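Q: I would like to learn how to read a few features from a model. Can we take them one by one?

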Amino acid sequence: MKKLLAILTLALLLGIAPSSHAAGHEASVFILHAIPGESIGADPALPVDVSLEGVCVLQGFTFGELAGPAMLPPGTYAVAISPASATDPCGNAAILTADAVVEAGKAYVAVAHLTSGGDPTISIFEVDTDRPGPSDVRVIIHHLADAPAVDVSVRRPKPYKNATVIPDVENGDQAE
């Protein structure tokens with residue numbers, strides 16, 4: 001399961017393509033739900049509601065989902081995550097909160113995940129959306145699995161050329 005969560009997080013973050021680069025005077029913000037409910041004794045999907053500055057922006061958001069981008073003016077935003085409620089969205093008491101500081105023209109991902117000790121938390125990462133060189137691709141790794149440091153190998157499928165290894169990526173780290 002830990003490996004699945006790390007792979008799922010990587011796969012979803014790879015979906016943030018350079019075309020999602022925030023334009024002009026706004027920031028581009030994605031939200032990723034990466035807390036498997038069974039790891040904290042809850043429904044495996046762990047449905048939650050997410051509010052931003054007190055406004056309910058996601059309802060019934062489940063493990064593995066990626067939402068966004070939301071285009072936001074620069075500033076600091078209060079993010080709150082509460083157990084999902086079909087009758088009163090975002091009405092339950094928040095179980096996780098964080099402040100997200102965003103700058104114009106940048107892209108971010110806010111990730112609800114488990115710490116290396118297994119406690120739920122929210123981490124916010126800036127995502128480099130500048131275009132890589134003409135024959136390059138960019139892979140961004142956010143190690144957020146409840147697991148020790150990992151070596152990440154990135155390679156093309158067949159014929160397995162151009163393998164790149166990113167060594168010793170620890171929980172909470174971002175590597176590119």
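Q: In which strand is Asp-151 found?
A: Strands here are DSSP runs of E, at least two residues, numbered from the N terminus. Asp-151 is found in strand E10, residues 150-154. This is a predicted model: local features need pLDDT of at least 70, side-chain atom pairs count only at pLDDT 80 or more, and totals for chains, interfaces and linings use all residues. Residues are numbered from 1 along each chain as its sequence is written, and side-chain values use heavy atoms, with hydrogens and water left out.

Q: Is Asp-151 buried or exposed?
A: Buried means under 20% relative accessible area, exposed over 50%, partly exposed in between (1.4 Å probe, protein chains only). Asp-151 counts as exposed, at 53%.

Q: Which residues gather with Asp-151 in a patch of negative charge?
A: A patch takes residues with over 30% relative accessible area and no salt bridge, and like charges are joined within 9 Å. Asp and Glu count as negative. On the surface, Asp-151 gathers with Asp-168, Glu-170 and Asp-173. Asp-168 is exposed too, with a relative accessible area of 55%.

Q: What is the phi of Asp-168?
A: Most residues other than glycine have a negative phi, and most peptide bonds are trans. Asp-168, in strand E11 (164-169), has a positive phi, near 50°. Leu-46 has a positive phi as well, near 40°. Leu-46 sits in the loop between strand E1 (27-33) and strand E2 (48-52), and is buried at 13%.

Q: Where is the cis peptide bond, with omega near 10°?
A: The bond runs from Gly-68 to Pro-69. Pro-69 is in strand E4, residues 66-72.

Q: Which residues touch the most other members of the largest nonpolar core?
A: In soluble globular proteins, nonpolar side chains tend to be buried together. A nonpolar core is a set of buried Ala, Val, Leu, Ile, Met, Phe, Trp, Tyr and Cys residues joined through side-chain atoms within 4.5 Å. Of the 22 residues in the largest one, Val-50 and Ile-81 touch the most other members. Strand E6 (96-102) is among the elements that give two or more residues. The largest share, four residues, comes from E6.

Q: How many salt bridges are there?
A: Side chains of opposite charge can pair when their charged atoms come close. The rule is a side-chain nitrogen of Lys or Arg within 4 Å of a carboxyl oxygen of Asp or Glu. The count comes to two. Glu-103 pairs with Lys-106 at 3.2 Å. Glu-126 meets Lys-106 at 3.8 Å, N to O. Glu-126 lies in strand E8 (120-127) and Lys-106 in the loop between E6 and E7, so this pair ties together parts 20 residues apart in sequence.

Definitions and conventions
Patches are made of residues with over 30% relative accessible area and no salt bridge: like charges are joined within 9 Å, nonpolar side chains (Val, Leu, Ile, Met, Phe, Trp, Tyr) within 5 Å. Accessible areas come from the Shrake-Rupley method with a 1.4 Å probe; for residues, only the protein chains shown count as cover. The place of a charge is taken as NZ of Lys, CZ of Arg, CG of Asp or CD of Glu.
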